[in-house]
Amino acid sequence: MRTMTHSQERDVASKVAKLQQALEHFEGGQLFDSCKEDALAPIRKRALGLLDQRQRSRHELRERLLKLEFAPELVDEVLDSLEQNLLLDDARFASEWVRQRAATRGKSSRALDLELREKGVAAHVRAEALEQISAEDEERQARALAQKKVREVKQPPADRAEYDKALRRVVGMLARRGYSSELTMRVARSELEARIESFD
């Protein structure tokens, strides 16, 4: 049997060591990264699909993904990546939510603050988004809603009971949208009185 020289043995040992290092690098690096990317890909796809439907807060999107039984740590990694790439932004979401809901639903700043809180938006982010609604804007919106509601009154109330009934309807509508009791009562009385006077 042919024996190897010391030089040949060292050469073989060196090659084996390099092969082991290469294998360890592949298994610990490239292979691991590939497996992790395979796990992240479906989460990222679903997250982007949900964001394509409409903007969402991080908390809201996280809850939706967790309900699909994705691993929490992988969900958080995807969300971090989306935030870094400006595809997920609570400040932008909150600002757009306030603008749209105030314009299309007539919601008060108090009601909008509650909605954003339920979606997990931080207090300072909510406050910044709500700055776009001034007290004057809120009263103007409340009056527009009240004016629309009092048009349901087709003739002057026959007595106090009918007046109070009409007033309660306007007050209830504004209260459900989150307007303060003081603003609600003041605007409701003012617009109902204006409606009654219009029959003269």
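The largest nonpolar core of this predicted model has 18 residues. A nonpolar core here is a set of buried Ala, Val, Leu, Ile, Met, Phe, Trp, Tyr and Cys residues joined through side-chain atoms within 4.5 Å. Buried means under 20% relative accessible area, exposed means over 50%, and partly exposed lies in between (1.4 Å probe, protein chains only). The residues with the most contacts inside this core are A142, L167, V170, L174, Y179, V187 and L192. Two or more core residues come from each of the elements α7 (135–150), α8 (160–176) and α9 (181–197), and α8 gives the largest share, seven residues. Helices are DSSP runs of H or I with at least four residues, strands are runs of E with at least two, and both are numbered from the N terminus.

L192 touches V150, V153, Y163, A166 and L167, leaving aside residues up to four places away in sequence; contact means heavy atoms within 4.5 Å. Another core, of 13 residues, lies apart from the largest one, and I43, L74, V75 and L82 are among its members.

The model is predicted, and local features need pLDDT of at least 70, side-chain atom pairs count only at pLDDT 80 or more, while totals for chains, interfaces and linings use all residues. Residues are numbered from 1 along each chain as its sequence is written, and side-chain values use heavy atoms, with hydrogens and water left out.

Charged side chains come next. The whole structure holds 20 salt bridges, a salt bridge being a side-chain nitrogen of Lys or Arg within 4 Å of a carboxyl oxygen of Asp or Glu. One of them joins R58 and D76, at 3.9 Å from N to O. This pair links distant parts of the chain, with R58 in helix α2 (residues 58–67) and D76 in helix α3 (residues 72–84), 18 residues apart. D76 is partly exposed, at a relative accessible area of 23%. R58 and D76 also belong to a network of salt bridges that includes R62, D80 and E83.

A second pair is K119 and E60, with 3.4 Å between N and O. K119 is buried, at 16% relative accessible area, and E60 is buried at 12%. Not counting residues up to four places away in sequence, E60 touches R54, F93 and K119.

K149 and E152 form a further salt bridge, their closest N and O atoms being 3.4 Å apart. K149 is partly exposed at 21% relative accessibility, and E152 is partly exposed at 48%.
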